[in-house]
Amino acid sequence: PSVRTAKPRLANPIVEDKKRPTWLAVGSRMPSMEYSDSEADVKGDRRFSGEKKEKSIWVSSLSNFSVQYNFSVIAITLKVMADKYPQNGERREGASPPVLCENIPTHCMHAVTPPSTDWVKELLKGVVFAGAITGQLVMGYVGDLIGRNKALCLTVSLAGIGALASGLTAWGDHYAVYGVIAATRFILGVGVGGVYPLSATKAAEESGSTDVQKRNLRVSLAFFWQTPGALFPYVFALILLFILPTAESQFRVLLAAGCIPSFFILWATMNEEESSEFRNKGDQISTMEILRDRKMMFNLLGTGGCWMIYDIVYYGTSLFSPTIVGKIFGSGDNLVKQCWQNIVVQSAGIPALVCGIYVQQRFGTRNLQIAGFLAIAAAFFVLGLLFDPLKDSPGPLFFFYIVLMFMLNWGPNITTFILPAEVYPPKVRSTMNGISAALGKVGAIIGTFIYQPIYDEHGIPVLMVVAGCISLIGAALSFWTIKPSKEHTGEDDTREYNTVSVEDNTDEVGHLRRVVNDQ
């Protein structure tokens, strides 16, 4: 019988040639999209069945929901804790428990003025971002080293432990309670920080396609759930105000509930195989080797620098939201009313994200980011100029604040999450995504600590104008650093792969691709 010679299967259509410069060489041109696998490889990968892709997207979505819940829950938690554990060394005259909690015994009312805790609000809001920076840098690299799914299991385990410990281990006087919460929220931050690069990379690589728009759509859909995650703490707090009798139990359940998504993610991910892109990405590259590349640093200025600017205004405004809403409607002890107001504010982000995903698919990541920063700046300026003239008209003022929250969720909120997965190649995708996200959380820390001093010194109008100016800087930086992708401009962009530039090997690459297609 005749012997049929099997054609060799090529997982990567590019043949490694160590004599040629790699994509990491200094001065090499960074493409807007890179793959180490061929389209045929991805489509032929059995892992990318419909069931597997659905599981992958809901794991990434739940991861993002968990991130934003744990970031945002501290704002309403501090309001709930205010009577039981007063902050900033102050106690309201004749303070009583939160609404619907009248049955707290008199001896629990802390009639004696507590020790000064001026560090509480800023530290508890900012420490989780310090942990997030650590998690993004470490877990991003670990994701490229051992795999996206294994690293995701590790990071969500830390997030679950930190969330559970913050609610169950903080006991004692004011210093002890707030100190323990700060320490456990740092651990929580490390966990949720690692989710950023890993969930985005996982959503992109397990899409089953090398088409940039399809991959961006999956990453966007996973990121969409961060906004419901930011909304849910206020919904959950509203429920707890009705079913739990004391502020003590309410704030503990609020904090500890952040561990629940981690257990589902861990269960779904621990036995998953890695994507073919990760399996074929090649040898690991050290972070220092990456940082020495000038072109890579320029791309990082676009993915990380813009993310930092956005997070200054987003997290500063988001965590300051209860204060702004209280200033609009007047301060009071009614937590139910505060929860409803913040639910309305945060709900504006849901249609904004739907609109943003549509615009991104139609006009591209770069255009959406530039337009988004400009829209955010305009919303800040309008609110700042109208705040004093409309201070006696809370309805119109609240409307303009909702418009601001819509704009904050519409543009860069999506694009800063998409860009690292779109720009960087598989062997450094998780690492560079982590570095970009870490720069974003540096911005979150800056926003957390500068909003209160500016507000105390100059008030809401000046704070809004300053935030608007920062947003304009973001638009300018996006215009300068982010290049349109081939799919959006029709440019004949040279694609560079892990080892050999396509333009240097056109005939060889074309031949190898035909071999793959024949197989």
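User: Is Asp-144 buried or exposed?

Analyst: Asp-144 is buried, its relative accessible area being 0%. Buried denotes under 20% relative accessible area, exposed over 50%, and partly exposed the range between (1.4 Å probe, protein chains only). This is a predicted model in which local features need pLDDT of at least 70 and side-chain atom pairs pLDDT 80 or more, while totals for chains, interfaces and linings use all residues. Residues are numbered from 1 along each chain as its sequence is written, and side-chain values use heavy atoms, without hydrogens or water.

User: Which side chain meets Asp-144 in a salt bridge?

Analyst: A salt bridge places a side-chain nitrogen of Lys or Arg within 4 Å of a carboxyl oxygen of Asp or Glu. Here the partner of Asp-144 is Arg-148, at 2.5 Å from N to O. Arg-148 is likewise buried, at 2% relative accessibility. The structure holds nine salt bridges.

User: Which parts of the chain does the salt bridge of Glu-277 and Arg-215 link?

Analyst: The side chains of Glu-277 and Arg-215 meet at 2.7 Å, N to O. Glu-277 belongs to helix α10 (residues 276–279) and Arg-215 to helix α6 (residues 212–224), so the pair links parts of the chain 62 residues apart. Helices are DSSP runs of H or I with at least four residues, numbered from the N terminus. Glu-277 is buried at 1% relative accessibility, and Arg-215 is buried at 0%. Through shared partners, salt bridges join Asp-144, Arg-148, Glu-205, Arg-215, Glu-277 and Arg-429 into one network.

User: How many aromatic pairs are there?

Analyst: Rings of Phe, Tyr and Trp (its six-membered ring) pair if their centres lie within 6.5 Å; planes under 30 degrees apart are stacked, over 60 edge-to-face, and the rest tilted. By this rule there are 17 aromatic pairs. Phe-298 and Trp-480 form an edge-to-face pair, with 5.5 Å between centres and 85 degrees between planes. Phe-298 lies in helix α12 (residues 294–319) and Trp-480 in helix α20 (residues 460–481), so this pair ties together parts 182 residues apart in sequence. Phe-298 is partly exposed at 23% relative accessibility, whereas Trp-480 is exposed at 56%.

User: Where do Tyr-310 and Tyr-314 lie?

Analyst: Tyr-310 and Tyr-314 form a stacked pair, 5.4 Å centre to centre with 20 degrees between the planes. Both residues lie in helix α12, four residues apart, about one turn of the helix. Tyr-310 is buried at 1% relative accessibility, and Tyr-314 is buried at 4%. Both belong to one aromatic cluster, whose members include Phe-71, Phe-129, Trp-307 and Phe-417.

Definitions and conventions: Helix = DSSP H or I, 4+ residues; strand = E, 2+ residues; numbered from the N terminus.
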